[in-house]
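Reader: Please go through the labels used for this model and say what each one rests on.

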Amino acid sequence: MRPVVARVPIRRAIANFLEHEGLAAVETPALQVSGGLEVHLAAMPAEVLGKRRYLHTSPEFAMKRLVVRERRSIYQFAKVYRDEPASSTHHPAFEMLEWYRVGHGLGRLIEDCLEILRRARHSAGGPMLIEWHGERCDLAADPEVLSCADAFHRYAGIELAAVAGNRDALAEAVQSQAGLACDPSDTWEDIFFRVLLNRIEPWLGIGAPTFLTGYPREQAALARMDPSEPGTAERVELYVCGLELANGFGELTDAVEQRARFTRDQSEKQLLYNTSYPLPDSMLAALERGMPRTSGMALGFDRLVMLMTGAEHIEDVLWLPME
């Protein structure tokens with residue numbers, strides 16, 4: 001089966017699983033008031049009836065509004081758009097699978113991801129042991145669940161708790177322990193991601209799927225803080241064969257805290273890139289009305305198809321790439 005053709009049975013298998021689990025399929029508009037508030041995310045603007053709008057970088061804001069309104073678990077396959085350079089594993093216009101589980105935590109998202117991996121592989125044909133870019137991963141194996149703290153200690157020799165929030169201490173540790181250079185202009189977040197990308201990610205998802213958990217509060221984004229682990233957020237990322245595949249949160253439901261985070265991110269984006277996007281006021285208003293305890297996951301569908309078919313380049317799994 002050609003890699004691009006596998007999109008159809010893989011999508012069907014996932015939809016059947018999620019609907020059997022009671023999740024409702026939804027569709028949300030691609031054009032939104034806010035392009036997304038993550039600092040390093042670049043949205044694509046559009047003029048609509050004389051007003052500035054943005055193609056969504058994720059359907060998250062709209063889907064959370066639906067969770068509040070419908071009070072039930074939902075999912076969506078959505079085309080999303082990010083103004084970022086293309087690579088072998090990224091395309092500026094790509095497909096995302098996003099789902100929200102009402103009344104569940106991160107453990108249920110991990111179970112969902114494992115089931116999705118296995119059903120996707122079965123629908124594409126072939127054994128559960130996959131090979132991609134010279135690495136192997138047994139999708140039938142028990143997953144590795146690894147905290148950020150343990151990953152930094154194991155693969156970079158850095159005690160993350162000792163440098164939490166301290167940019168200079170992290171830079172010193174990274175240069176002396178991980179052998180990576182730091183620039184004076186680097187923020188704590190910049191250095192964190194440099195270590196993650198260069199020293200940790202290549203080792204994740206080798207042999208078995210890896211779920212990276214316990215992100216420091218600086219990387220909480222839209223996740224609530226973990227009451228059992230001070231200083232860490234309820235956030236998890238899935239890796240297979242060294243490739244990041246999915247990102248999930250125990251969703252923050254406190255509208256005041258979420259607005260404060262968004263405002264900080266707005267200011268930082270303006271400082272770094274001389275641009276910013278409006279706050280998603282409709283989503284914040286939904287949180288004010290009361291969002292039930294919910295966990296949510298966003299999974300790169302194109303990357304999933306690549307892994308399941310052994311495709312070397314993301315354009316191998318697109319019917320037509322962007323011209």
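Author: Two strands pair if DSSP finds at least two bridges between them; strands (E, at least two residues) and helices (H or I, at least four) are DSSP runs numbered from the N terminus. This is a predicted model, in which local features need pLDDT of at least 70, side-chain atom pairs count only at pLDDT 80 or more, and totals for chains, interfaces and linings use all residues. Residues are numbered from 1 along each chain as its sequence is written, and side-chain values use heavy atoms, with hydrogens and water left out.

Reader: What makes β9 and β10 a pair?

Author: Four bridges join β9 to β10 (residues 210–213), in the parallel sense, and at least two are required. Ser 147 lies opposite Thr 213 of β10.

Reader: Why are β1 and β9 said to stand at the edges?

Author: The open, mixed sheet has eight strands in the order β1-β5-β6-β15-β14-β13-β10-β9. β1 (24–25) and β9 (144–147) each have a single partner strand, so one side of each lacks a neighbour in the sheet.

Reader: How do you know that Cys 113 is in no disulfide?

Author: A disulfide is a pair of cysteine sulfur atoms within 2.5 Å, and a search of the whole structure finds zero. For Cys 113, the nearest cysteine sulfur, that of Cys 137, is 12 Å away. For Cys 182, the nearest is that of Cys 148, 17 Å away.

Reader: Why is Cys 182 called buried?

Author: Buried means under 20% relative accessible area (exposed is over 50%, partly exposed in between; 1.4 Å probe, protein chains only). Cys 182 has 18% relative accessibility, so Cys 182 counts as buried. Cys 113, at 1%, counts as buried too.
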